[in-house]
Amino acid sequence: QVIKCKAAVLWEANKPFSIEEVEVAPPKEHEVRIKIMATGICRSDDHVITGALAAPFPIILGHEAAGVVESVGQGVTSFKPGDKVIPLFVPQCGECTSCLSTKGNLCSKNDLALGRGLMSDGTTRFTCKGKAVHHFMGTSTFTEYTVLHESAVAKIDSAAPLEKVCLIGCGFSTGYGAALQTAKVEPGSTCAVFGLGGVGLSVIIGCKAAGASRIIAVDINSDKFAKARELGATDCVNPKDFEKPIHEVLIEMTGQGVDYSFEVIGRTDTMTAALASCQYNYGVSVIVGVPPAAQKITFDPMLLFTGRSWKGSVFGGWKSKDSVPKLVADYMNKKFVLDPLITHTLPFAKINEGFDLLRTGK
């Protein structure tokens, strides 16, 4: 049956969300329809609004969520109605080269690079006012019901609190994994984290879990420093407090630069600063923030020639279907905390206020 429900539709760029009644089609073959119980707000959603991330309109955004299976399409055997699940914006088909490799996690079935906003059969499951509405990153969680391909769904512990573990759908896993999986931070190492939003704070949690001896938090908003310290940062630096470039400040603080640096903002200038701030020979710098569309990066190749590594990390390097249930289990076993990452809880109708809080750094 078609379900009629509320969704936050974005009709065009640089406009607020409009809460509309939408029609959600039943799941087709190998698809799952989910009732969304909780969804986080991520800067990547905001990038679509501002045009920094290209996407087709109208669209239902959202990709960090948790919910309950409502119905399943033909051929779906691994999920049943009532299962608690987390949508996966990086699916795991189990068949493409990245899925088959132990080195990779970016399944070729993802809609990150293409940004088509359609299901695998080239159509959409959402209709509003007679118009087809696009999906976002194969998830679309700013709606009461959504449809996903079964490769983009992870079944989790039925006792998990959905309003907390929804963060494992993007923000937490992305940051935590960037430290543990992508960089493979070692005990005793020094780290610098550029950007202290939810993902940056999750990088700090990961660096601390890996045993880093020094974790330098970098942000132009000093209001974020208390929480960074609470989660494990040993030093907090505001680039606005210095006349010299931030990479020089970090090199002075550490002697040779940090072992690992993480750019968790999505700006090209901070990406090169993070690279320059890590140790000249064996330093590793990881790009975690989504790069802005249509921008190029210019840097001195000597930064890499001396031996530094520059890496990217999508969804923390985790193979999504395999790792999300384990991360939820680790949360249930108190291996890490999520509560400090949750600053506000709002009803769905106040989604625009939520984005205002994001944009003002609150």
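Residues are classed as buried under 20% relative accessible area, as exposed over 50% and as partly exposed in between, using a 1.4 Å probe and protein chains only. The model is predicted: local features need pLDDT of at least 70 and side-chain atom pairs count only at pLDDT 80 or more, while totals for chains, interfaces and linings use all residues. Residues are numbered from 1 along each chain as its sequence is written, and side-chain values use heavy atoms, with hydrogens and water left out.

Two helices, α4 (residues 171-183) and α5 (residues 198-209), pack at an angle of about 40° with their axes 7 Å apart. Helices (H or I, at least four residues) and strands (E, at least two) are DSSP runs, numbered from the N terminus. Axes are lines fitted to C-alpha atoms, for helices over the stretch in contact, and angles run from 0 to 180 degrees between N-to-C directions. The pair α4 and α5 is therefore oblique, a class left for angles that are not under 35 degrees (roughly parallel), over 145 (roughly antiparallel) or 65 to 115 (roughly perpendicular). The crossing of α4 and α5 is right-handed, that is, the near helix is turned clockwise from the far one by less than a right angle. Contact (heavy atoms within 4.5 Å) is made by G171, F172, T174, G175, Y176, A179 and L180 of α4 with V199, S202, V203, I205, G206, C207 and A209 of α5. The residues of this contact comprise 9 nonpolar, 5 polar and no charged; Ala, Val, Leu, Ile, Met, Phe, Trp, Tyr, Cys and Pro count as nonpolar, Asp, Glu, Lys and Arg as charged, and the others, Gly among them, as polar.

In helix α11 (residues 351-359), the buried residues are I351, G354 and F355. They cover an arc of only 95° around the axis and therefore lie on the same side of α11, the arc being that of the directions from the helix axis to the C-beta atoms. The buried residues of α11 pack against β1 (3-9), β2 (18-24) and α1 (43-50). G361, which follows α11, has a positive phi near 75°.

Most residues other than glycine have a negative phi, and most peptide bonds are trans. K129, not a glycine, has a positive phi of about 50°; K129 lies in the loop between β6 (126-128) and β7 (131-133) and is exposed, with a relative accessible area of 65%. F315 has a positive phi near 50° and is placed in the loop between β15 (309-312) and α10 (320-332), where F315 is buried, with a relative accessible area of 3%. The peptide bond from F57 to P58 is cis, with omega near -10°, and P58 is located in the loop between α1 and β4 (65-72).
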